[in-house]
Amino acid sequence: MKKSNLNSQELLEKIHNGDFRALARSISIVENDIPGYQDLLKGIKSSQTTKILGITGPPGAGKSTLVNELVLNYIKNGKKVAVLAVDPSSPFNQGAILGDRIRLSGISSDTFFFRSLASRGFLGGLCEKIIEILELVKAAGFDIVIVETVGVGQSEIEIAGIADITALVLVPESGDSIQSMKSGIFEVADVFIVNKFDRPGSLHFKEQIHQMLDERFIDKKIEVIATVASESIGIDELIHSFEKSNQNNNYKLRLLAHKLYKLIQKRRMMGYTEQDIFSALETIPDKETKLYTLLETIYNKLFDHNE
């Protein structure tokens with residue numbers, strides 16, 4: 001493994017001073033588990049005022065175009081903005097297939113930072129180190145950090161565990177897939193966005209979402225915002241909706257608990273790989289036993305000596 005030429009303290013000072021190159025380098029160090037990355041994370045002084053917006057939705061919903069418009073609007077209003085876009089991974093090198101491509105056209109500003117992150121097979125539409133990377137980005141003093149997920153499905157609700165506000169982007173053609181989302185992201189989205197609202201059936205689709213939300217959340221008002229991102233329509237109303245969505249202290253505490261749970265989970269498994277589990281399995285005579293019996297046996301083999 002390659003070591004960083006800069007010590008963690010020097011990198012952190014540059015990040016706190018808004019050095020985007022130092023931020024990009026630090027993200028790479030954390031992503032690739034380069035020795036010393038934990039010291040880097042321990043020294044972070046994150047901004048407590050940074051708002052994290054999670055943007056998720058099925059492929060083709062226009063998430064990237066919508067994010068583009070949000071960034072332009074925020075920058076125009078003097079905000080410092082970062083975008084973390086999670087992309088599918090290459091099966092060969094685990095890097096983002098789309099790489100650091102120019103997704104956000106027309107944006108050139110010293111108050112804007114963009115980074116493409118590889119999902120590396122991580123479920124939930126995010127990447128494995130997203131919590132740590134967010135702490136680094138917050139340390140650079142951004143007002144807004146937008147996290148765009150790789151996609152959406154029943155299991156891809158991880159975004160709600162890291163974002164202050166989660167927005168689900170749909171299009172009128174999404175009608176058939178709403179039922180499958182109800183037990184997942186549909187339950188945790190704070191704002192619904194019907195993008196490409198100039199398409200046939202848009203109004204009916206929006207009313208359908210309103211009806212489903214009214215039936216499900218009696219004491220909670222969830223807004224459904226209509227946008228045509230390609231024409232910058234509805235963006236002001238959407239940002240106003242984000243600003244109104246202030247989470248209470250109990251929600252923030254649960255958010256913090258979720259992040260700590262994930263970090264503790266990762267630390268517990270640190271140093272172990274799937275190959276270690278495979279090797280432990282090879283030592284067990286009866287591999288046809290019940291799954292949870294195997295779980296107990298493997299767990300004891302891995303961790304008993306560390307207890």
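Is Ser232 buried, exposed or partly exposed, and at what relative accessibility? At 42%, Ser232 counts as partly exposed, a class that sits between buried (under 20% relative accessible area) and exposed (over 50%), with a 1.4 Å probe and protein chains only. Before going on, a word on the model: it is predicted, so local features need pLDDT of at least 70 and side-chain atom pairs count only at pLDDT 80 or more, while totals for chains, interfaces and linings use all residues. Residues are numbered from 1 along each chain as its sequence is written, and side-chain values use heavy atoms, with hydrogens and water left out.

Back to Ser232. You'll find it in the loop between strand S7 (223-226) and helix H9 (235-244); helices (H or I, at least four residues) and strands (E, at least two) are DSSP runs, numbered from the N terminus. The phi of Ser232 is near 60 degrees, a positive value in a residue other than glycine. Most residues other than glycine have a negative phi. Asp33 also has a positive phi, near 55 degrees, and its place is the loop between helix H2 (20-31) and helix H3 (37-42). Asp33 is partly exposed too, with a relative accessible area of 34%.

Now for the inside. The largest nonpolar core has 34 residues; such a core is a set of buried Ala, Val, Leu, Ile, Met, Phe, Trp, Tyr and Cys residues joined through side-chain atoms within 4.5 Å. Leu23, Ile130, Val137 and Val145 have the most contacts inside this core. Among the elements that give two or more residues to it are helix H1 (8-16), strand S2 (81-87) and strand S4 (144-148), but helix H5 gives the most, with 7 residues. Take Val137: leaving aside its neighbours within four places in sequence, it is in contact with Leu23, Ile27, Ala82, Leu84, Phe142 and Val145, where contact means heavy atoms within 4.5 Å. Apart from this core lies another, of 25 residues, including Ile55 and Val191.

Then there's strand S5 (residues 165-170): 6 of its 6 residues are buried, so S5 is largely enclosed by the rest of the structure. Ile165, Ala167 and Val169 point one way from S5, and Thr166, Leu168 and Leu170 the other way. S5 runs parallel to strand S1 (residues 51-56), joined by 4 bridges, and two strands pair if DSSP finds at least two bridges between them. Here Thr56 stands opposite Leu168. Another 4 bridges join S5 to strand S6 (residues 191-194), also parallel, with Ala167 opposite Val191.
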